[in-house]
Amino acid sequence: MSIVALAAEGSTYETPGVADFWQPLIGSGAFAITRASIVIMLSVAILSWLLLAGTKKLTVVPSKGQFATESAYGLVRNGLGRDIIGSHDFLKFVPLLFTMFVLILLNNLFSVIPVVQFPTMSRIGFPAALALVVFAVYHAVGFRKHGFVGYFKSIIPAGLSIGLMIPIFLLELITDLFTRPVTLALRLFGNMFAGHLLLVLFIGGGEYLLLHGAGGLKIAGVGALGMGFVMTVFEILVQVLQAYIFTLLAALYIAGAVADEH
Amino acid sequence: MNMTGDIAILGYGLSAIGPGVGVGLIFAAYINGVARQPEARGMLQPIAFLGFALAEALAIFGLALAFVFKG
């Protein structure tokens, strides 16, 4: 009913879709510089500046910037690194985990920061690259710690009968080589993509209903814009949570690889 | 009755049922645990979010595949 009423107005409403996320700015094809690549370069510049400024003049009584930097670092170092990987060998992974955390956090928040308003991680290439780094790191430390054969042995839980060993080994191998990296990348991608799509739908659709809708549809437009605001607040929560979860899972996978025989 | 649309979207709806129930159960258990023993909150929180993330993965697969198989 509403679609018919809207079509009668003349201009039609285009539902947002996958195509809205492909925005090449310079060039075209596989090597185009897209909006996402500009955004991630911007995030690296902003993060470098923020972290350098936050740690420049270190004092015992911290300034606001130093306090914020230290809180974020403390969350990753103690809450994720030390508690999950264990106090013995967590320190060498903290730089990786902290970089992942702040990079993903800022890029996710770019989804709702005005002017930028594009979540980098809604293009599968970016989370896939991050997941690939985590994948390489946890297998590399596993092989270094247990040796080549020892690492394959270490993924089998102890105390299994011979008959169960082979199916469990195959399951664990599929988990380690396939499920973990794929879900790691897809989880971040899916959350950012779906969240941004929802915001585009509510705000774009609300704007269209308000400006082009007939009579009562204008009221629906106000409702849609209100939902857009509510979803924006909810999205900020999801964005912070996803940055945390990505780092948490990376720490867990590393912890599993460096753990002693269980 | 004649219906138009894309059945891939229906697949996403179906794939969201399981994780929906699962995430609910995980947070119910987490709230129960914290209510009984508030000092265990710090220990339970990463576990709860981990379970949430793992359960949610199925719904995310459904969403990704809905767009892959669309039209």
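A residue is buried if 20 or more other C-beta atoms lie within 10 Å of its own, exposed if 12 or fewer, and partly exposed in between, with C-beta atoms placed from the backbone. This is a predicted model, in which local features need pLDDT of at least 70 and side-chain atom pairs count only at pLDDT 80 or more, while totals for chains, interfaces and linings use all residues. Residues are numbered from 1 along each chain as its sequence is written, and chains are lettered from A and ligands numbered from 1 in the order in which they are written.

**View 1. Helix α5(A) and its buried residues.** In α5(A), the buried residues are A:F126, A:P127, A:L130, A:A131, A:V134, A:F135, A:Y138 and A:G142. They pack against α2, α4, α6 (148-154), α7 and α8 of chain A. Helices (H or I, at least four residues) and strands (E, at least two) are DSSP runs, numbered from the N terminus. α5(A) has 22 residues and reaches 32 Å from its first C-alpha to its last. That is close to the 32 Å expected at 1.5 Å a residue (1.5 Å times one less than the number of residues). Just after the helix, A:G147 takes a positive phi of about 80 degrees.

**View 2. The largest nonpolar core.** This core has 50 residues. A nonpolar core is a set of buried Ala, Val, Leu, Ile, Met, Phe, Trp, Tyr and Cys residues joined through C-beta atoms within 7 Å. A:I104, A:F246, A:A250 and A:I254 have the most contacts inside it. Elements giving two or more residues include α5 (125-146) and α7 (162-212) of chain A, and also α2 (41-68) of chain B. α8(A) gives the most, twelve residues.

**View 3. Surroundings of A:I254.** Neighbours within four places in sequence are left aside. A:I254 is then in contact with A:I85, A:F93, A:V137, A:Y138 and A:V141. Two residues are in contact if their C-beta atoms, placed from the backbone, lie within 7 Å.

**View 4. Where chain A meets chain B.** Ten residues of chain A are in contact with eleven of chain B. On the chain A side, α7 and α8 each give two or more residues. α7(A) gives the most, with five. The chain A side divides into seven nonpolar, two polar and one charged. Here Ala, Val, Leu, Ile, Met, Phe, Trp, Tyr, Cys and Pro count as nonpolar, Asp, Glu, Lys and Arg as charged, and the others, Gly among them, as polar.

**View 5. The loop at A:A30.** A:A30 lies between β1 (24-26) and β2 (33-34) of chain A. A:A30 is exposed, with 5 other C-beta atoms within 10 Å.
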